[in-house]
Amino acid sequence: MTEAILIHPRFISLEGGEGAGKSTAIASIRDVLLQRGHEVVLTREPGGTPLAEKIRALMLDNRQSLRGEGDEDEPLCAEAELLLAFAARAQHVRQVVRPALQRGAFVVSDRFTDSSYAYQGDGRGLDPAWIAALERRAVGLRPGLTLLLDLDVREGRARTSGRDLWPDRIESEQDDFFERVRAGFRRRAAAEPERFRVIDAALPPREVGMAVAAAVEQSLESPPR
């Protein structure tokens with residue numbers, strides 16, 4: 001795959017911290033695109049293909065069931081977490097994202113490479129230059145529009161409290177980790193204002209959905225150059 005990064009106008013990603021309401025926002029994006037007669041492919045990261053979903057389980061599953069009988073608890077190091085994320089992403093892009101874009105569909109992904117910069121870069125402290133090199137060499141693709149659902153960390157954690165009986169490895173992190181992640185997302189949005197649209201996820205769900213829909217409509221009218 002070429003090391004040049006293609007910014008594709010029919011590729012939309014949704015980013016944000018825990019509890020930001022991405023599921024509702026994705027529905028708003030889908031509705032806008034369908035109303036305009038477009039084919040829409042909804043997908044997610046890590047995951048999006050059968051193999052990538054297995055990698056997701058290795059990355060995120062926090063349960064004893066992933067260990068065999070008698071196995072010791074072996075924490076996943078930050079570097080392995082990053083490489084697993086990009087292994088899943090490379091498979092996802094090759095099998096799902098690029099084929100859909102090539103046939104003229106819109107692809108809407110719940111998370112993409114910006115999450116690696118925020119979670120493994122800012123959250124885990126890994127070198128962003130390494131992440132950038134992986135992005136160029138293993139992915140070569142960037143969304144034309146990224147919607148960042150920005151939400152106070154404590155409010156987001158309150159929303160997710162009790163939602164899952166088995167929080168995954170990321171959800172089990174402490175607030176200071178998520179503060180670093182949020183700051184990382186906000187810095188990326190400030191550095192790339194043409195690609196990012198920041199949505200106040202503290203608004204009521206209906207208003208968040210309207211803001212997301214408006215951002216997508218605006219992007220369709222004035223696609224990035």
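Predicted model: local features only at pLDDT ≥ 70, side-chain atom pairs only at ≥ 80, totals over all residues.
**Entry 1**

Buried here means under 20% relative accessible area, exposed means over 50%, and partly exposed lies in between, with a 1.4 Å probe and protein chains only. Residues are numbered from 1 along each chain as its sequence is written, and side-chain values use heavy atoms, with hydrogens and water left out.

**Entry 1: Overall build**

I looked up the secondary structure next and got eight helices and five strands. Helices (H or I, at least four residues) and strands (E, at least two) are DSSP runs, numbered from the N terminus. Along the sequence I read the pattern β-α-β-α-α-β-α-α-β-α-α-β-α.

Then I checked the size. The C-alpha atoms fill a box of roughly 55 × 40 × 30 Å along the principal axes. The radius of gyration is 17 Å, which agrees with the value near 17 Å for a compact globule of 225 residues. That radius is taken over C-alpha atoms, and the globule rule is 2.2 Å times the number of residues to the power 0.38.

I also looked at contacts, meaning heavy atoms within 4.5 Å. Among those with a separation of 6 or more, 80% link residues 24 or more positions apart.

**Entry 2: The cores**

Which residues touch the most other members of the largest nonpolar core? I found Ile12, Ile29, Leu33, Leu147, Leu149, Val212 and Val216, out of 22 residues in that core. β1 (6-16), α1 (22-35), β3, β4 (141-150) and α8 (205-221) each give two or more residues to this core. A nonpolar core is a set of buried Ala, Val, Leu, Ile, Met, Phe, Trp, Tyr and Cys residues joined through side-chain atoms within 4.5 Å.

I followed Ile29: leaving out residues up to four places away in sequence, Ile29 touches Ile12, Leu14, Val108, Leu147, Val212 and Val216. Another core of 20 residues lies apart from the largest one, and its members include Phe11, Phe86, Val96 and Tyr117.

I spotted a cis peptide bond between Glu45 and Pro46, with omega about -15°. Pro46 sits in the loop between β2 (40-44) and α2 (50-60).

Arg111 is not a glycine, yet has a positive phi of about 80°. Arg111 belongs to the loop between β3 (106-110) and α4 (113-123). Is Arg111 buried or exposed? I noted 11% relative accessibility, so Arg111 counts as buried.
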